[in-house]
Amino acid sequence: MTSSTLNVRVARKWQEAPDICAIELVAEPGQVLPAFSAGSHIDVHLPGGLTRPYSLCNDPSENHRYQIAVLRDPTSRGGSVAVHEQVLQGQLLQISTPKNHFALAHDARKHLLLAGGIGITPVLCMAERLANTGADFDLHYCTRSRARTAFVQRIGSSAFASRVHWHFDDEAPAQKLDIDQTLAQPESGLHLYVCGPKGFMDAVLRSARAQGWPEAQLHYEFFAAEVASSADANSFEVQLASTGKVVVVPPGISVLKALAAEGVDVPFACEQGVCGTCLTRVLQGVPDHKDAYLTPEEQAANDQFMPCCSRAKTPRLVLDL
């Protein structure tokens, strides 16, 4: 266990909605849970050797617990199934300290929160924080049906319930979210935050950009991405700046795995280019970005990339490793 890893116990596990379980984690005696900010996630070390990032969804003013909620995904690569089937109440787990790649812009004049499905988890944490500070915000929460919606009671009884707009796919068309209309008037000081399924997020961000929202006012966090296949990609080299060692990355193998095979460990979690854990500086060469984490401007700078999914446009990348 490293200094950035915590031992925690599953104090409670419950079914929050169909296919969604929620888990409350508490520190072991003698340990203290570090404070976290709205939008933070933790990497959870799961049975079977998997590590997956999950957003914290409780009030960030709480210092005695972390709460996460996990959708059982039929296309899961094992993480969500492990949480639902193998993580038990009372069990000890190891987690990372909280990390935040989806932070609130506290100098914003107003906040517009959009959540799709399980994307409510970091957004709910944001709403708790904004309500506690008296900030101006609106929350739009879109799900397939009311019966399958997580945190209905918690949100309905919250101090910010009047700021929440519910949108259900199986109810009247008039109550469904009109993305273009909702984003029709970008304003100075108005910041947009979106999290949810990739299709939902793509639609929101595409609409916002088409309607002139400045990139600096767009905040988002993907839970999963469709990582482009590298099966037909060419091989290339990565060089470690610290030692000069050169590692060949063959077609179909990620930079992350090629480095690991040579004994070079880079921290990682999602392996899909969405969580930011493996973000690595590029000192020379041009990456072929395939992630859903970096902004278009950050990708265009070509000074960092995600070795879990991205590749190279040049024969060699020199990495700050």
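Five of the six residues of strand β5 (residues 66-71) are buried, which leaves this strand mostly covered. Here, buried means under 20% relative accessible area, exposed means over 50%, and partly exposed lies in between, with a 1.4 Å probe and protein chains only. Helices (H or I, at least four residues) and strands (E, at least two) are DSSP runs numbered from the N terminus. The model is predicted, and local features need pLDDT of at least 70, side-chain atom pairs count only at pLDDT 80 or more, and totals for chains, interfaces and linings use all residues. Residues are numbered from 1 along each chain as its sequence is written, and side-chain values use heavy atoms, with hydrogens and water left out.

Strands of a sheet pair through backbone hydrogen bonds, either parallel or antiparallel. Two strands count as paired if DSSP finds at least two bridges between them. Strand β5 runs antiparallel to β2 (residues 20-27), and six bridges join the two. Within this pairing, leucine 25 has tyrosine 66 in β5 as its bridge partner.

Five bridges link β10 (residues 190-196) with β11 in the parallel sense, and tyrosine 193 stands opposite histidine 219 in β11. Contact here means heavy atoms within 4.5 Å.

Now for two loops. Glutamate 215 lies in the loop between α5 (198-210) and β11. Its side chain makes a polar contact with the side chain of arginine 209, at 2.7 Å. A polar contact is a pair of N or O atoms within 3.5 Å; within protein, one must be able to donate a hydrogen and the other to accept it, and residues adjacent in sequence count only if both atoms are side-chain atoms. Leaving aside residues up to four places away in sequence, glutamate 215 touches Arg209, Tyr220, Pro296 and Glu297.

Threonine 243 sits in the loop between β12 (236-240) and β13 (246-249). With a relative accessible area of 59%, threonine 243 is exposed. Its side chain reaches the backbone nitrogen of lysine 245 at 3.2 Å.
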